[in-house]
Amino acid sequence: MTVSTSWRRAHRRRHRSLVVSAVGGLVAAALAGCTGGGTQADVVVTPSPGVTRPPTADLARFYDQKVVWTDCKHGFRCTHVVVPIDYTQPGGATFRLSVNKLPASGSRAGSLLVNPGGPGASGLDYVRAATTVISGAVRQRYDIVGFDPRGVGASRGLQCLTDPQLDTFIATDGTPDTPAEQQEILSQGEALGAGCQKADPALLGHVSTREAARDLDVLRAVLGDDKLTYLGKSYGTLLGSTYAGLFPTRVGRMVLDGVLDPASTPLEVAKGQAEGFQLALLSFLTDCRGRKDCPLSGSSAEAETRLESLVAGLDAKPLPGEGGRQVTQALGLLGIASALYDKGNWAFLRQSLMLALRGDGRGLLYLADFYDHRGPNGHFTDDRNEVIYAVNCLDAPQTADLATFAADAATVATISPLFGAYIVWANVPCSTWPVPATGRPAPIAARGAAPILVVGTTRDPATPYRWAKSVAGELDSGHLLTYVGDGHTAYRRGSPCVDSAVDAYFLRGTLPGAGARCH
């Protein structure tokens, strides 16, 4: 993995509360996808040759392509953009990226491309929620453009496991303490890799972040924009910084929110995320202990110990869930982590823990299923659970030694007794991945790029604040904005201060002052 498989699905949240996200999911399901549905069409006419100048002449046919936008209902427009499977073989096989946009409601300044994270989250879905995740002022000036990155969803998505197989994979003991349990987690990882290899052997070796960033530049050219205006959240920040490293002179107004550090090794990421989740857990426990419905009494340390005991007990005795399903330790951990992404979910977490302490695992199971996009019928609604490995296993090499995993898990557990070992062991599938890693962790300077606004949240569980500080320093033109608060990412998450600062940059190119902090 590059920087996010160490928390198995840590960067794929929709960044909203449970209630809002559930409603958003229903709305997205009601909207048509990029499959047409209307008769209106328009063709992008490129304004100048410089916009479509490719890095090499043999890529000209991709940069010069003209696309047809069709009405896909509710004011959205959809199209497909052709890209090569392998950029080193541009004359070889190709496939189509699915793209959509919400046209600017006022005087258009250009396109704002967005990526919500993952790897594996759908940019199409994110744009369908544009009225929530992007301010009205920005939507007035920009076409909000989303795409499913290569291997995701409608862009030749990878479906590697059946729903029952994925159920087993997710529920498998994530903190193995016997050789047999270690072999089981290894076998599950091997099965996932084999399934992805069988699903699409031609594409599997070409879903790296670097290749997705090259797709971004084709999209920029096809959209007719001289510079890339971009909002990346969570893993989307890695995609954005990778683009900046490859095409620094093409960077326009770029905002990276909830930042992954491209210089971090898998073990360094595990340690960072253990710190992040531990800090978020302590913040939750402090808040919980001041409320009447908190099921964890006593001091903060006593509350944490009781929670650790509850989760540890699931290893030997899972709780009953819904429909005959059992809440294993892995599912319990996933449920707790799910709620830590958004402070709006803390009330539901308190209720779920109260039920769990009474022997009922349904609340934690709901949180885990919500996190993994598992529907009540047992069907997973997208391929993000598989794609996160397909991308991350290409982006960075992983050790193949189980003894090293065990030692690292013990070390990281000292940082977060609840989450540490699970975070480390979640990397096991990359140790046997059928395609060798093509990337290596390294800082990105992007010298020559326009200012890049980096937004970090002080108690972000999945992308700890220190990564935002590091990346702002690594980028030659990085500029840090700090949000003092809880949750994963900050823009359009409830802080008028953050929203105003980000909007000012997109609309006027105005950066917040040095050392700016929002509360």
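## Basis of the model

Helices (H or I, at least four residues) and strands (E, at least two) are DSSP runs, numbered from the N terminus. Ser-155, for example, is placed in the loop between E6 and H6. The structure is a predicted model, in which local features need pLDDT of at least 70 and side-chain atom pairs count only at pLDDT 80 or more, while totals for chains, interfaces and linings use all residues. Residues are numbered from 1 along each chain as its sequence is written, and side-chain values use heavy atoms, with hydrogens and water left out.

The protein chain has a mean pLDDT (the predictor's confidence in each residue, from 0 to 100) of 91, and 91% of its residues reach 70 or more. Residues 1-47 have a pLDDT below 50; in the model this stretch makes 168 contacts (heavy atoms within 4.5 Å) beyond near neighbours in sequence.

## Disulfide between Cys-160 and Cys-196

Five disulfides (pairs of cysteine sulfur atoms within 2.5 Å) are present in the structure. One of them joins Cys-160 to Cys-196, with an S to S distance of 2.1 Å. This link of Cys-160 and Cys-196 is right-handed, with 100° about the S-S bond. Cys-160 belongs to the loop between strand E6 (142-147) and helix H6 (163-171), whereas Cys-196 belongs to helix H7 (residues 179-199), so the bond ties together parts that are 36 residues apart in sequence.

Cys-160 is buried (under 20% relative accessible area, with exposed over 50% and partly exposed in between, for a 1.4 Å probe and protein chains only), at a relative accessible area of 8%. Cys-196 is also buried, and its value is 0%.

Cys-393 and Cys-430 are joined by a disulfide with an S to S distance of 2.0 Å. The link of Cys-393 and Cys-430 is left-handed, with -85° about the S-S bond. Distant parts of the chain are linked here, since Cys-393 lies in helix H16 (residues 384-395) and Cys-430 in helix H19 (residues 428-431), 37 residues apart. Both Cys-393 and Cys-430 are buried.

A disulfide is also formed by Cys-497 and Cys-518, whose sulfur atoms are 2.0 Å apart. The torsion about their S-S bond is about -65°, so this disulfide is left-handed. Because Cys-497 is in helix H21 (residues 496-508) and Cys-518 in strand E13 (residues 517-518), the pair ties together parts that are 21 residues apart in sequence. Cys-497 counts as partly exposed at 35% relative accessibility, whereas Cys-518 counts as buried at 2%. When the bonded cysteines of the protein chain are numbered in sequence order, the pairing reads 1-2, 3-4, 5-6, 7-8, 9-10.

## Packing of helices H11 and H14

Helix H11 (residues 266-289) packs with helix H14 (residues 346-357) at an angle of about 80°, and their axes are 11 Å apart. Axes are lines fitted to C-alpha atoms, for helices over the stretch in contact, and angles run from 0 to 180 degrees between N-to-C directions. H11 and H14 are therefore roughly perpendicular to each other (65 to 115 degrees, with under 35 roughly parallel, over 145 roughly antiparallel and the rest oblique). H11 contributes Ala-280, Ser-283, Phe-284, Asp-287 and Cys-288 to the contact, and H14 contributes Trp-346, Leu-349, Arg-350 and Leu-353.

## Surroundings of Ser-155

Ser-155 counts as buried, at 0% relative accessibility. Its neighbours within four places in sequence left aside, Ser-155 is in contact with Phe-95, Arg-96, Leu-97, Ser-98, Asp-148, Pro-149 and Arg-150.
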